[in-house]
Amino acid sequence: MTTQNCILIGAPMDCGKRRAGCLMGPDAYRTADLAGALQSLGHKVQDRGNVSPAPVDPIAHDRLYKLAETIAWTESLADACVAALKDGFPIFMGGDHALALGTLLGATRHAAASDKPLFVLWLDAHTDYHTPQTTDSGNLHGTPMGYIAGRDGFDGFPAVEHPVPHDNICMLGLRSVDPAERAALEGTDVTYIDMRAIDEHGIAGPLNTFLDKVRAADGHLHVSLDVDFLDPSFAPAVGTTVPGGATVREAHLVMEMLHDSGLMTSLDLVELNPFLDERGRTAQLMVELTASALGRRIFDRPTRAFS
């Protein structure tokens with residue numbers, strides 16, 4: 001196994017939606033000993049602490065929630081991502097999924113500077129392909145894929161100099177897609193795999209196809225793992241629960257395949273809301289999935305006893 005210089009970066013970001021709690025996510029990952037899990041696999045681990053957004057003046061808006069704060073986070077996280085990618089393998093501990101506005105922007109900049117194409121694997125119940133104009137909720141955690149794919153309407157956000165081509169995007173685990181997003185996606189080359197397709201055909205096939213594409217292009221691969229990719233019966237600590245998600249084994253298989261591919265260059269862990277968790281089991285599962293992505297094998301999984 002190739003050892004990595006894993007760089008943990010906290011993003012206590014809670015402005016992408018109205019339900020509070022994700023700002024406690026980085027502390028939950030630290031409490032669940034993400035660093036220790038990765039060190040036990042032989043990786044070097046550096047915790048760079050938490051990113052902070054620049055001070056901002058509020059932008060009055062009749063619908064969008066905390067627009068100015070989200071823009072400030074996007075700028076700070078993009079800078080943090082570029083800096084970390086120069087030094088190793090960054091793992092962003094969210095925070096809600098709006099953090100991917102910044103991490104993806106940083107990943108595009110780094111890939112362009114390296115003269116590599118960027119690919120994105122989006123593990124989520126939702127496509128998050130809205131724009132500020134199409135989101136009915138006004139919650140900007142539903143917009144990162146629209147932003148990074150170069151859709152119009154992100155006034156005030158940093159420019160996306162290198163949009164990710166639609167055919168470089170794969171979304172796995174979908175089961176709750178707004179009509180406006182669906183209509184927009186159907187005219188693109190995005191690969192989107194819903195849970196029915198996974199039920200019928202398995203998760204390995206479409207993932208292998210996508211990874212082969214990344215490998216053939218010698219690309220960088222950013223992976224964004226939302227807690228709601230998982231079925232809420234296994235991972236209850238999320239404010240956007242949608243029953244019928246990936247099982248624990250399906251999720252581990254995705255992570256094991258990512259490790260085997262050697263293609264992943266950066267990772268988001270998002271939407272963990274410790275306020276909704278049960279004895280930390282969602283945080284622990286997300287740590288275990290991260291360990292699988294970094295080389296833990298199926299025979300090495302710890303047996304846990306609660307007393």
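These are my notebook entries on what I looked up in this predicted model.

**Entry 1: ground rules**

I number residues from 1 along each chain as its sequence is written, and my side-chain values use heavy atoms, with hydrogens and water left out. Since the model is predicted, local features need pLDDT of at least 70 and side-chain atom pairs count only at pLDDT 80 or more, while totals for chains, interfaces and linings use all residues.

**Entry 2: the whole protein**

I started with the overall picture. The protein has 10 helices and eight strands; these are DSSP runs, with helices being H or I of at least four residues and strands E of at least two, numbered from the N terminus. I fitted a box along the principal axes, and the C-alpha atoms fill roughly 50 × 40 × 40 Å.

Next I checked the radius of gyration, which is taken over C-alpha atoms; the globule rule is 2.2 Å times the number of residues to the power 0.38. For 307 residues a compact globule would come out near 19 Å, and the protein has 18 Å, so the two agree.

I also looked at burial (buried means under 20% relative accessible area, exposed over 50%, partly exposed in between, with a 1.4 Å probe and protein chains only). Buried residues make up 57% of the 307. Then I turned to contacts, meaning heavy atoms within 4.5 Å. Of those with a separation of 6 or more, 75% join residues 24 or more positions apart.

**Entry 3: the listed binding site**

Which residues does UniProt list for "binding site"? The unreviewed entry gives Asp124 and His126. I noted that UniProt positions follow the numbering used here, that feature names are shortened, and that annotations may be inferred rather than shown by experiment.

I found Asp124 in the loop between β4 (118–123) and α5 (144–148), and His126 is in the loop between β4 and α5 too. Buried or exposed? Asp124 counts as buried because its relative accessibility is 0%. His126 has 17%, so it counts as buried as well.

I listed their contacts, skipping residues up to four places away in sequence. Asp124 touches His97, Leu172, Gly173, Leu174, Asp226, Asp228 and Phe229. His126 is in contact with Leu174, Ser176, Asp228, Thr240 and Val242.

**Entry 4: salt bridges**

My rule here is a side-chain nitrogen of Lys or Arg within 4 Å of a carboxyl oxygen of Asp or Glu. How many salt bridges does that give? The count comes to 10.

I looked at Arg109 and Glu161, whose closest N and O atoms are 3.4 Å apart. Arg109 lies in helix α4 (residues 99–113) and Glu161 in the loop between α5 and β5 (169–174), so the pair ties together parts 52 residues apart in sequence. Arg109 is partly exposed at 27% relative accessibility, and Glu161 is partly exposed at 44%.

Asp218 and Lys116 form another bridge, at 2.3 Å between the closest N and O atoms. Asp218 is in the loop between α8 (204–217) and β7 (220–226) and Lys116 in the loop between α4 and β4, so this pair ties together parts 102 residues apart in sequence. Asp218 is partly exposed at 47%, as is Lys116 at 28%.

Arg196 and Glu200 bridge at 3.0 Å. Both sit in helix α7 (residues 195–201), four residues apart, about one turn of the helix. Arg196 counts as exposed at 59%, whereas Glu200 is partly exposed at 48%.

I also noted a network of salt bridges linking Asp27, Arg30 and Asp47.

**Entry 5: a buried charge without a salt bridge**

Asp231 lies in the loop between β7 and α9 (248–261). For charges, Lys and Arg count as positive and Asp and Glu as negative, with His and the chain ends not counted. Asp231 is buried but has no salt bridge; the nearest side chain of opposite charge, Arg175, is 5.7 Å away.

What does the Asp231 side chain reach? I found the backbone nitrogen of Gly244 at 2.8 Å and the backbone nitrogen of Gly245 at 3.0 Å. Beyond its neighbours within four places in sequence, Asp231 is in contact with Pro243, Gly244, Gly245 and Ala246.

Note on methods
A polar contact is a pair of N or O atoms within 3.5 Å; within protein, one must be able to donate a hydrogen and the other to accept it, and residues adjacent in sequence count only if both atoms are side-chain atoms.
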